[in-house]
Amino acid sequence: MINRYGTRVELVCNECGGTSADEDQDDFEIMIEDAKRDGWVFFKQGRNWKHICPDCRE
Ligand SMILES: [Zn+2]
């Protein structure tokens, strides 16, 4: 899932609750690209997007 703090966004792992490293990132697209490069996995389950961190992806 995605947390928003004002203009800031961060990813939260749906498995462990861990957050993406770039929590200061305020550009959504850049944050997504960074997370993908770090190994995060995104997929849609029903209407909701799920976000899985590199540690839980195994
Ligand atoms: Zn996780």
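The dialogue below sets values against cut-offs.

Tutor: This is a predicted model, in which local features need pLDDT of at least 70 and side-chain atom pairs count only at pLDDT 80 or more, while totals for chains, interfaces and linings use all residues. Residues are numbered from 1 along each chain as its sequence is written, and side-chain values use heavy atoms, with hydrogens and water left out.

Student: Which atoms coordinate the zinc ion?

Tutor: C13 (SG), C16 (SG), C53 (SG) and C56 (SG) do, at 2.3 Å. Donors are N, O and S atoms within 2.8 Å of the metal (3.2 Å for Na, K and Ca).

Student: What makes the arrangement tetrahedral?

Tutor: The 4 donor atoms subtend angles of 108 to 111° around the zinc ion. Four donors count as tetrahedral if all angles lie between 85 and 135 degrees, so the arrangement is tetrahedral.

Student: Why is C13 called buried?

Tutor: Its relative accessible area is 2%. Buried means under 20%, exposed over 50%, partly exposed in between (1.4 Å probe, protein chains only), so C13 is buried. C53, at 6%, is buried too.

Student: Why do R37 and D34 count as a salt bridge?

Tutor: Their side chains meet at 2.7 Å, N to O. A salt bridge is a side-chain nitrogen of Lys or Arg within 4 Å of a carboxyl oxygen of Asp or Glu, so the pair qualifies. R37 counts as exposed at 64% relative accessibility, whereas D34 counts as buried at 14%.

Student: How many salt bridges does this rule give?

Tutor: The count comes to 2. K36 forms one with E33, the closest N and O atoms being 4.0 Å apart.

How values were computed. Four donors count as tetrahedral if all angles lie between 85 and 135 degrees; four count as square planar and six as octahedral if opposite donors are over 155 degrees apart and all others between 65 and 115; anything else is irregular.
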